[in-house]
Amino acid sequence: MSRSWFISFEGIDGAGKSTHIEGLAQWFKSRGHVVTLTREPGGTPLAEKLRELALHESMDSLTEALIMFAARREHLVQVIEPALARGEVVLCDRFTDATFAYQGGGRGFDWQVLQNLEQMVQKVPNTNLRQPDLTIWFDLPPAVAAQRLSTARVPDKFESQPQSFFESVRYGYAKRMQESPTRFAQIAADQSREMVWLDVVRAIELAYSK
Ligand code: TMP
């Protein structure tokens, strides 16, 4: 693997993606890659401030979508694009699919408006529309996620939503995958951690061999 590589990780809260992202960073480093490990919303000092607002303040749904995209633009320009230009592997804990899933699916916000914002925000020099090379979707039934989250830390604004909200978020992810099937790898996140890890590595090797 020698070229730059942009991988995003998605799933409802409680899907268990974080430990696998850490593991993958080590996996890539041990193969000689420079890795940028980052997250959304966040990834720059300004975007982390926007994250605090988005996760803890109640607001109008357009305001929420705009904050997600504002944080994304900053993150893209300051962190993701420079890392890709240096030929690095960028591992991003959530990206635009989360906005479609949470604000589009979960909140019911207009899909077309999100698509317009996506076009505007992810336009970068030499690439019409920046998208991940691969998106790994940790797909978990919301009932299982709810059980996992009940023992987790104090919930933020999204984590404290009812199960029906996460059913809609899951539907949003499924819709995004339908729109870009070759970019997505859907992984059953209700298996053991070891099995999920094997599926993650397999998805990466398969995507790279294409
Ligand atoms: P995290 O807990 O995985 O770091 O994600 C932060 C929360 O923000 C999570 O509940 C999903 C939500 N979120 C959105 O609602 N829209 C977005 O565009 C992103 C990136 C995250």
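Start with the ligand, which sits in the largest pocket. A pocket here is an open set of points on a 1 Å grid over the protein atoms alone, with protein on both sides within 12 Å along at least five of seven lines; a molecule sits in one if more than half of its atoms lie within 2 Å of its grid points. The model is predicted, with local features needing pLDDT of at least 70 and side-chain atom pairs pLDDT 80 or more, while totals for chains, interfaces and linings use all residues. Residues are numbered from 1 along each chain as its sequence is written, and side-chain values use heavy atoms, leaving out hydrogens and water.

Next, colour helix H2 (45-56), helix H3 (61-85) and helix H4 (96-106), the elements that give two or more residues to the shell around the ligand. Helices are DSSP runs (H or I, at least four residues) and strands likewise (E, at least two), numbered from the N terminus. Which element gives the most to the shell? H4 does, with four residues.

Now show the side chains around the ligand. Of the 14 residues there (a heavy atom within 4 Å), Asp13, Arg51, Arg94, Thr99 and Gln103 come nearest.

Zoom in on the polar contacts (N or O atoms within 3.5 Å):
- Gln103 places a polar side-chain atom 2.8 Å from a ligand nitrogen.
- Arg51 has one 2.9 Å from a ligand oxygen.
- Arg72 has one 3.3 Å from a ligand oxygen.

The ligand taken alone exposes 480 Å², and the protein buries 95% of that (Shrake-Rupley method, 1.4 Å probe).

Stay with Arg94 and look at its backbone: phi is positive, about 80°, although Arg94 is not a glycine. You will find Arg94 in the loop between strand E3 (89-93) and H4. Then select Glu40 and Pro41, joined by a cis peptide bond with omega about -10°. Pro41 belongs to the loop between strand E2 (35-39) and H2. Most residues other than glycine have a negative phi, and most peptide bonds are trans.

Last stop: the whole structure holds ten aromatic pairs, counted when ring centres of Phe, Tyr or Trp (its six-membered ring) lie within 6.5 Å, with planes under 30 degrees apart stacked, over 60 edge-to-face and the rest tilted. Select Tyr102 and Phe165: their ring centres are 6.0 Å apart and their planes at 55°, so this pair is tilted. The pair links distant parts of the chain, with Tyr102 in H4 and Phe165 in helix H7 (residues 163-179), 63 residues apart.

Conventions
Polar contact = N/O pair within 3.5 Å; in protein donor to acceptor, adjacent residues only side chain to side chain. 1 Å grid on protein atoms, 1.4 Å probe; cavity = no way out; pocket = protein on both sides within 12 Å on 5 of 7 lines; lining within 4 Å.
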